[in-house]
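Please look over the sequence and the model together before reading on. The paragraphs below lead from the whole chain to a few of its details.

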Amino acid sequence: MSPAAQVTLTTRRSARFVAWTRAWRAGLVSFDEILDDLTAEEEQHVRDLPGQWREEVELREALPALAKLHPDEIRLVLPAPGDPRGLPGPGPFTSHALVSGEGVIASRLGLVPETRQHTSGSGVTFTTVLWRAFELPEAPSAQLPGVREADGALSLALTETTTRLVRLDVAQWRPELAGALQALRKPDAETDLPPGYDPRARRLYARACVLDRVLTLAGQAAPGGALNSFEAQQRDEALRPLAGACRAALMAACNAPFEG
């Protein structure tokens, strides 16, 4: 599988961060457990964290800044051009989250992930994650659909788009992604939420994670001009409503209230 295809098989970093941080703040997982999950595959740092005299610190040193927050103060945002749901007003955090396509709101703190590629002396390439921190003027109010509403909207969007997705046949114009698509059909640990989430939120998260990655693969430019500009435009128009419903589903699942 190509490196580009491998990248798209990763669940959104902000989704994992929010789910596990909320579970930690609810007392359902330990500090070490959240660190183990978030840093198992990638080294993570935080930059410009308020109250830190160093410009950049490891995630272990940054997480205590969230130690007094209620789980409901921590939530996922997955904005897109023309779809700024969940974001506060204009400002540095909003601008960076729109560019990244994801972010975390933790009361009056905003975090946006960036990736950095490094190559070791032996030629091995690896990725580290840098979370950029932004102070927000106030804690934004959450005005997002709940799990039941988002689940219904995702099912409807999937039904309406299925015929077009079949016609697109990603494997035909992007043969090297066939293996990636096959891998997406297999369950994996990344599509599971930590303790505290109810079964419906878990099902929605698992379905939305897989679909989100498939949509990312489908939206990548085909090598060698396998799609002309008109076909690419038709593809994007067909997938846009489904992508929006998928983002809303991920936000609803990750931000869902915990079980009693």
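What follows begins with the chain as a whole and then turns to one strand and to some aromatic side chains.

This is a predicted model, with a mean pLDDT of 82 over the chain and 76% of the residues at 70 or more. Residues 1-9 stay under 50 in pLDDT, and the model has 18 contacts beyond four places in sequence for them. Where pLDDT is low, the predicted coordinates should not be read in detail.

The chain has ten helices and six strands, and 45% of its 260 residues are buried. Of the contacts with a separation of 6 or more, 70% are accounted for by residues 24 or more positions apart.

Strand β3 pairs with β4 (residues 103-106) in the antiparallel sense over four bridges, and Ile74 stands opposite Ala106 in β4.

Turning to the aromatic side chains, the count of aromatic pairs comes to four. Phe17 and Trp131 form a tilted pair, at 4.7 Å centre to centre and with 45 degrees between the planes. This pair links distant parts of the chain, with Phe17 in helix α2 and Trp131 in strand β6, 114 residues apart. Phe17 has a relative accessible area of 2% and Trp131 one of 1%; both count as buried because the cut-off is under 20%.

Charged side chains also meet rings: Arg22 lies over the face of Phe258, 4.7 Å from the ring centre, while the charged end of Arg25 sits over the ring of Trp24, 4.8 Å from its centre.

Conventions
Residues are numbered from 1 along each chain as its sequence is written. This is a predicted model: local features need pLDDT of at least 70, side-chain atom pairs count only at pLDDT 80 or more; totals for chains, interfaces and linings use all residues. Side-chain values use heavy atoms; hydrogens and water are left out. Two strands pair if DSSP finds at least two bridges between them. Helices (H or I, at least four residues) and strands (E, at least two) are DSSP runs, numbered from the N terminus. Buried means under 20% relative accessible area, exposed over 50%, partly exposed in between (1.4 Å probe, protein chains only). Contact means heavy atoms within 4.5 Å. pLDDT is the predictor's confidence in each residue, from 0 to 100. Rings of Phe, Tyr and Trp (its six-membered ring) pair if their centres lie within 6.5 Å; planes under 30 degrees apart count as stacked, over 60 as edge-to-face and the rest as tilted. A charge sits over a ring if NZ of Lys or CZ of Arg is within 6 Å of the ring centre and within 35 degrees of the ring normal.
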